[in-house]
Structures are given as structure tokens and as C-alpha cells.
Amino acid sequence: MALTLGAAHAAQPSLGSVQLTFTVDDLDVYVNGAPQRWQSPPRNIGGRTMLPLRETAALLGQPLLGSSGQLQLARLTIDTRRGAASLGGAPQPAGTVASIGAVAYVSARTLADALNANLTGDDRSFTLTALRDGGNPMSPQARFSTDKNVYAPGERVVYTEYPFDPDGADITARRWTGRQDVYFQPGTYTVTLTVTNSRGLQSQPFTRTIRVEGQPIDTPLTYALKYAQPGDAFPDPQILTYPAALISPQAGPSYPLLFSDSPEVPDQSGILYQDSVTGRARLLGYHLNGLGRPARLYVLARNLESRPVEVRSERLGETAPTRIESILGQVTLLEYFASAGGTTLTLSPGQAAAVYASPTLSLGSGVNVMQDLSTSGRVELTYVMLEDALPPTPQVIQQLPYLKPDGRHTRGTFPDAVRTLRVTLGALPTRLIIGDGRVDPAVTGTDALTGQAVRLSGNYGVLYDLEVNGTAGTAVALSPRGGLYRGAMNIQDGPITQTIKLPRTGNALKPDEPVLLWRAQSDRLNIDFVPSSGSNLPISLVFYRTGRVGGEGGVIKTYRP
């Protein structure tokens, strides 16, 4: 038999949908926006949001069939005596049904699933939208508009979307055809939107027509300089013709870089590189596991003083494990720029401890780690690749061989881990070239294990401290000159500090398709740039006039609905 409530909670008309808006432990409930009152409010029971079964069925216009012990609501069967439920014949988890006094409660999520309803909300306030008994679900409706019907070539198109679902279900997917934010060629363009709701129903296509004619407002380049997002690529076929910016190297605080990349793929456990430092130092390790078995990379610090020494990790970025080499450098830089200090080790005389330990590396997977340390005395730093079954104890480390360089990659200690440069912009566009070995010379150092002089092509691990003046009204982009590049930079623009992922998706590949880094809001930019491990150098930072100052280059449309 069907169970009903009194007049205060009378069922709604049989067709259409009904929407309940409610809050846990609150007697107020809104039915299609109209206020009513629960007799028994929703509860949080065992971490679940629970609804009073009989009242909810009545408010939703759903028949609740059966006796007081065995009830049926749509596909949901409830045994109130046993506190059990099944949905479409499938038993539901314990706690789906509960009783408080004589009131049976059921999980709001399970109830929504039983009714093919839509449940949204946060920890306490929710909206449940369901079809009333006898109603047929209606398809969602796709809708959008544009700010104009006729545009000039290169003029930005502003779209406003307003699809809706007649039964209140969420719009969960949108599919556009023909949509562009800008059209550079005259003609007539058709734009179509189709939407899908949370029940899987799809709308009919909704179409508008855009006409493009008249005098151009922007080219692809000038449009990108106004509207592209940081990390977006854009075309610039003239980029290699721009003059190089005048760079003024500055004396500044620096410290050594201990670089370990040879042998890049060790085939046995052993010591990859070792040297001693006092004070600040940067570590960069880049290795793949070629041992034929699981292994880990360690960086060990050993106190060489006759007194206790502190070793503090100031910044740390790592990527491990991965088999995609270009990911190694980019993720490491993003982590490095996001880090804000770490642990401090106190080492007794002669004591050693790991300042870095990678996750377990499967065969062929790699690790990239960049770490800034500061020490209160002289310590020996040792990079070790060790099969996972061996512990990094002094006894084990003493028995390891020193692995020979592979002849193709670099290891060594380089005295200048920071390169301080100052640039004042003049005529634009202009390029600032990094990592070419000629305009920007490679750092030189010494392999502490062999005593040989070494040269670090690409300056991987060197932090470029760039101060660029005269930047108001400019944009800076990255142009990959040597092939695939994936990295990150840290920007300070007045009060704003932001780390930029380059590019936002995928890889930067072509010199004439630079990736937007930033639009300056002040007259000085400070850029921290570290060449990304696993990517190709050189790169150029290209500075442009944006056309955003004084209306230059046409009207700027800033509205984004």
C-alpha cells in the first residue's frame, strides 16, 4: 500500500520534477523554492547524510509501497527491522538505513541513485532534484549568445553560456563545434553547442551564426599579446630576426653547484659523485635506473668537522619515479619554487645521514632532484645509486665503487650556482638568450673525483636572477631554440609573485611558436629561471609591447563570463 503524509506535506502534482533544498539538523526545507518544515530533520548518521524516508518520499511525490517493515521506493528495497537495503537487487553498505525512534532514515546518496535524481551540496547543505512519479525526464537545453553578430577580423568574440535542464539536473558536459575566440579571415562561421546532463541525456544542437568582415583589428600575434594566457603558445614567424637585449652581468651572492649526471644510467650500485662544501650549496642529480633491479638515489652528508654541524634543507624539488624525461625537470622546478624550507640535521663529527632519498625506482625509471642546502661547517656530499635491498649505511657505502663518467654527460662542482643579470629594455621586440654557450657562456668547474676541468652546457641547475627594467606595457614569452622544452619560472611583478608552468599543456617545440610567460603590471620584473633538466637549450626570453597601454592596437575586451 502507498503511505502518505498529512495535508502539511501533501504530495505535489504527478508530473514534472521536484527540488528539495535542505540542511542537516535543520527543520526548514524548501520544495521548489517554497518553505516547508520537516517533522524529522535530515541527520548525519555515521558520517552519512540521511533523510527521513517517509517524509522525503511524500515531498518528492514518490509512492512508498509495502508494510512498516518492508518498504519499496522505486528501485530501492528497505528492511527497517534489519536496517538493510538493496538497490536494484544489489545489497547496499551497512549504515545505508538507520532508525531514530520510530523514524526510518535512508542515505541521501542512495535515495538519489534509486530515483535517478541529482544530489549536490557540501558537508551540510544539499539540493536533491528528482522526477515525480509518472514524469518523463526532459532533455537539457543548450543555449549561448555572443556579444555581437558581426565582428572585424582579429576581434575577440565573447561567449555567454546559459544552458539549462528542465528537471533541474546538472549540466555535466559541453561539446562545441566551430567555436573560436577570434576569427582572422572574413566569412560566415557557424558555432554549435550541445550539452549533456547528469542523467546522460543530450540536448539538441543550438546554433548561432557569426559574420566576420571589415578592417582587421588584430593579427594572430597582436591578439595573443593582448589575450593569451600564461603558458599558451602563439605564432610569431619573425621571432628569430629580433635583436638581442643588452645584458649587464652583476656581481651577486653565489655558491657552488654540485651536479651529478654521469653516468646518467648507472648499471651497478656505486658512488656517482662526491665533493665537500661549507655554507650554501645547490645539488642537482639526474639519473635513470639501469641496475636491472629496483634501486634508489641517495644524497648523503657527512660531517668533516671535529664539532657538530647543522645541515639545513632550504629548498627542494624532485620528480621520481618517471620514464618521461621532460617531466623530470618541469615537475622538479615547480616543486622547487613552491618549497619553503625543510628539515635541519645535526651531525656529530664523522656522522653521515641522507639529506635526500628518492622513492624506489623501477628499471628504466628516473629521478631528478634539485636541493639548496646550508651548512654550519664543512660536510662531504655523496650521490649514491643503491639497489633497493641495500641500506645506505656507512659500512655499505665504504664498499661501493666510484662509478666512471659515461663520456656523454656531465658531473662536477661549479662555483657559480647563481647568475645575476640586469636588463633595461629599449626598442621592442627584443630577445634575451639563455643557454647557448656563446652569448650566455656555459659555467665551468671541476670534477672533484678526477680533477678534470668540466663545462656545463646548457647551465642546467644554474639559477638566473634576472631583473628587467622598463617592463610596463610589455609581455614576455619563451621561445624554445633547441627543441622540446618543458619548464617553469618564478615571476615577481610588484606585489605579485607567481610560478608559471611552461607551457600550460604539452611541450614547447618550435622557435616561431613562443609560449607566453607574463604581462608586466609594473616597470620592473624579477624572474627566477633555471634551465629545466630533460629539456633542450638554448631558449630565448622575448619581450614585446602588448598594445594594452593607451588603447594602442584596438579596443581591449576584458569581459569573461
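Trainee: Hi! What should I know before looking at residues?

Mentor: The model is predicted, so local features need pLDDT of at least 70 and side-chain atom pairs count only at pLDDT 80 or more, while totals for chains, interfaces and linings use all residues. Residues are numbered from 1 along each chain as its sequence is written, and side-chain values use heavy atoms, with hydrogens and water left out.

Trainee: Is Tyr183 buried or exposed?

Mentor: Tyr183 is buried, at 2% relative accessibility. Tyr189 is partly exposed, at 22%. Buried means under 20% relative accessible area, exposed means over 50%, and partly exposed is in between (1.4 Å probe, protein chains only).

Trainee: And what kind of pair do Tyr242 and Tyr544 form?

Mentor: That pair is edge-to-face: 6.1 Å centre to centre, with 90° between the planes. Tyr242 lies in the loop between helix 3 (220-227) and strand 21 (247-250), and Tyr544 lies in strand 42 (residues 539-545), so the pair ties together parts 302 residues apart in sequence. Helices (H or I, at least four residues) and strands (E, at least two) are DSSP runs, numbered from the N terminus. Both Tyr242 and Tyr544 are buried.

Trainee: Which residues do ring pairs link into a cluster?

Mentor: Phe144, Tyr159, Trp176 and Phe206. Arg179 lies over the face of Tyr159, at 4.1 Å from the ring centre, and over the face of Trp176, at 4.5 Å from the ring centre. For a charge to sit over a ring, NZ of Lys or CZ of Arg must be within 6 Å of the ring centre and within 35 degrees of the ring normal.

Trainee: New topic: in what sense do strand 38 and strand 39 pair?

Mentor: Strand 38 (residues 487-493) and strand 39 (residues 496-502) are antiparallel, over seven bridges. Two strands pair if DSSP finds at least two bridges between them. Ile491 has Gln498 in strand 39 as its bridge partner. The hairpin has two residues between the strands, and Gly494 takes a positive phi near 60° there.

Terms used. Phe/Tyr/Trp six-rings, centres within 6.5 Å; stacked < 30°, edge-to-face > 60°.
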